[in-house]
Amino acid sequence: MVTLFGLVLLTLLVVTAVAIVITPNLFVAVMLMSIFSLIMAATFFILDAADVALTEAAIGAGMSTILFLGALALLAEREQRSRGRQWLPLAVVALTGFTLIYATFDKPRLGDPSAPVHQHVAPWYLEQTPVLMEMSNVVTAVLAGFRAYDTLGEVLVILTAGLGVMLILASGRPEPSRRGPAAVAGGLRHHLIPRVVGQLLIPFIVLFGLYLQFHGEFGPGGGFQAGAIIAVGIVLHALLEGEAAGRAILPTRVLVGLMAGGALLFCAVGIAGMLLGGNFLDYAVLAANPVAGQQLGIHLVEAGVGITVTGTLVAAFHAFADREPAA
Amino acid sequence: MIVDVLSFVMLALGGFFVFLGGLGALRLPDLYTRMHAASLTDSFGTILTLGGIMLQSCWSLATVKLLTILFFLMMTGPTASYALANAALLSVDDPEPHPPPATET
Amino acid sequence: MYYAATAAILVTMALALARALLGPTVYDRVLAVNMFGTKTVLLVSIVAFLSGRPDFLDLALAYALINFVGVLAVLEFFQKKRHYERPR
Amino acid sequence: MTLFGLYNYWVFALLLMIGLYAVIAKPNLVKKLLGLSIFQSAVFLLYISMAKVEGGTAPIIQHAGEPQVFSNPLPHVLILTAIVVGISTIALGLAIVVRIREEYGTIEENEIQARDRDR
């Protein structure tokens, strides 16, 4: 029955995606993208991926909408009607889509336990996580423990992208005018009710983020989700009190420090393992008892991930919010 | 037993109100009436639905979490409606860029 | 009864989506997004109970908090746009 | 449910193609990025659908030692990180689009190419 609900959600997903592509107004497209993310998150939840659903909700519906709106404030809202024939792209897309759908007929049915994916390493992870790490959340254990090297790469990609956003938007800045961000910097300060309620929520959002960070070994949660949610809390402060006040609590140099510091913490845990006689990112040697060492290593690595993600997302938001549109 | 019946009634009513809100948001003629339908029945539907589940959760950590969710929804829902209505009202005497919502039928 | 409530929520999601597609003003679309967010919270709460994992209510909590920030971001966007698009 | 056993994959293919169409056919650069977002989400959907096991639950062990069916945790890990990497790259793309708008005064691909030819 729940699977049937999933099918309805998937149908809504396709409708929304078509509407995003068709609509000529970019603001409307971004709003629809927010709905798209919410449907996607609900679908992930129905497909038993609690951690992924949490990430998609925090990133897709929260941060992604905020960043797209931040960029849209600097761009024209209307898309020009594309002229001329679009038959070639349509033909390419139809052909590829047909091939893909034809290929799906060889795939195992949804939820088939004998599918090849479920035969290789996954059972081992599910079996060994309670033994080697004494953790309940297998996703966290695989993310920060068994496949930590992979995650280190991802964290470095996020760091690089964040630095890229900051550097690109720091160059060629137009002269700040009287009507520029300084003049708009009030944020929503004059909207009393949203401001009061929003201020009330910020501590709860940050607290909830910290809960996800430290509860990640028992329930859905971990560094990526926690980082995204804490970033949303900090961004909410900047939205309510204005860009200047938002920057005052976390200046750019602190943000860069956070971004780099998180990634460095991750690397430092790996190197500490080497110094203590193990391999890179081998946590078992970090404490006297291998299980305690695994848990310590995973906690530190998750903390590093959370710090980098928070820093990157907040820095990206500020990079857009601090600019004014070219005349 | 009584708790079960009560929670089922609440869930049914909650679902009904949620649906009514959706119908109102689709069918009513202009933005403000739509907002009214959406927000009023949103609050009522939310209270009844979450209350129905709460009765089933027999006083555990889940009940506390549901209460927290209800609390946040009760705070943010009306605020969001207010903020939206305010923004729409302010835009009426704004020459650009959005059409005034009151003229829609 | 869980299933009936879930079905009602799904139908409402479809109605809200229709409102988001039809518009006609941008505010209608923001209203639809907000409605959609609330319905997602309800859907996730019920499905968490249906699948017997009430500890996943954390997700519903996250959605409830994040959705509001999205609406405020839209409001701030309107304010900024109005400021910039006023004739200089 | 066997009748709809492939529905997730069909939706994956459709979303992938909708995203691809936006990327190759729409001249507006923000629209291209939105298309890229849809494309990414389609890939996420493919992975998460493959991880699902009938009658299973999310891979968070409730009572140790008790036999229980779980969905496959590995695709979840891959997609969880990919979502965050996805938003970072989209932010990078948006930053480049903003700079293009400042240099060229437009974000329509055909106008940018026309201006490049004039130089």
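The legends below describe close-up views of a predicted model.

**View 1. The predicted complex and its confidence scores.** The predictor assigns the complex an ipTM of 0.91 and a pTM of 0.91. Within chain C, the average pLDDT is 85, and 95% of the residues of chain C score at least 70.

**View 2. The contact between chains A and D.** Five pairs of chains touch, and the pair formed by chains A and D has the most contacts among them. On one side are 75 residues of chain D, and on the other are 82 residues of chain A. Three helices of chain D each supply at least two residues of the side that touches chain A: H1 (7-25), H2 (29-51) and H3 (73-104). H3(D) gives the largest share of that side, 24 residues. Sorted by class, the side of chain D that touches chain A holds 51 nonpolar, 16 polar and eight charged residues.

**View 3. Chains B and D, a pair without contact.** No contact joins chain B to chain D. The closest C-alpha atoms of chain B and chain D are 15 Å apart.

**View 4. The contact between chains B and C.** Chain C brings 41 residues to this contact, and chain B brings 45 residues. On the side of chain C that touches chain B, two or more residues come from each of helix H1 (2-22), helix H2 (26-50) and helix H3 (57-85) of chain C. The largest share of this side, 14 residues, belongs to H2(C). The side of chain C that touches chain B divides by class into 31 nonpolar, five polar and five charged residues.

**View 5. Arg19(C), a buried charged residue.** Arg19(C) sits in helix H1 of chain C. Arg19(C) counts as buried because 23 C-beta neighbours lie inside 10 Å, and the cut-off for a buried residue is 20 or more. Leaving out residues up to four places away in sequence, Arg19(C) touches Ala25(B) and Leu26(B) in chain B, together with Asp28(C) and Ala32(C) in chain C. Leu31(C) is 12 residues from Arg19(C) in sequence, and the C-alpha atoms of Arg19(C) and Leu31(C) are 8.7 Å apart in space.

**View 6. The largest nonpolar core and the surroundings of Ala228(A).** The largest nonpolar core contains 218 residues. The residues with the most contacts inside this core are Ala228(A), Val232(A), Leu59(C) and Ala62(C). When residues up to four places away in sequence are not counted, Ala228(A) touches Thr55(A), Ala58(A), Ile59(A), Gly62(A), Met63(A), Val309(A) and Leu313(A) of chain A, and Val84(D) of chain D.

**View 7. The fold of chain B.** Chain B consists of 105 residues, and buried residues make up 41% of them. Three helices and zero strands are assigned in chain B, and the pattern along the sequence is α-α-α. Taking contacts in chain B between residues at least 6 apart in sequence, 61% join residues at least 24 apart.

**View 8. Helix H2 of chain B and the residue after its end.** H2(B) covers residues 31-56, a run of 26 residues. From the first C-alpha to the last, H2(B) reaches 37 Å, close to the 38 Å expected at 1.5 Å a residue. Cys58(B) follows H2(B) and has a positive phi, near 35°.

Conventions
Residues numbered from 1 in each chain as written. Chains lettered and ligands numbered in written order. Predicted model: local features only at pLDDT ≥ 70, side-chain atom pairs only at ≥ 80, totals over all residues. pLDDT = per-residue confidence, 0-100. Contact = placed C-beta atoms within 7 Å. Helix = DSSP H or I, 4+ residues; strand = E, 2+ residues; numbered from the N terminus. Nonpolar A, V, L, I, M, F, W, Y, C, P; charged D, E, K, R; others polar. Buried ≥ 20, exposed ≤ 12 C-beta atoms within 10 Å, placed from the backbone. Core = buried A, V, L, I, M, F, W, Y, C linked by C-beta atoms within 7 Å. Expected span 1.5 Å × (residues − 1).
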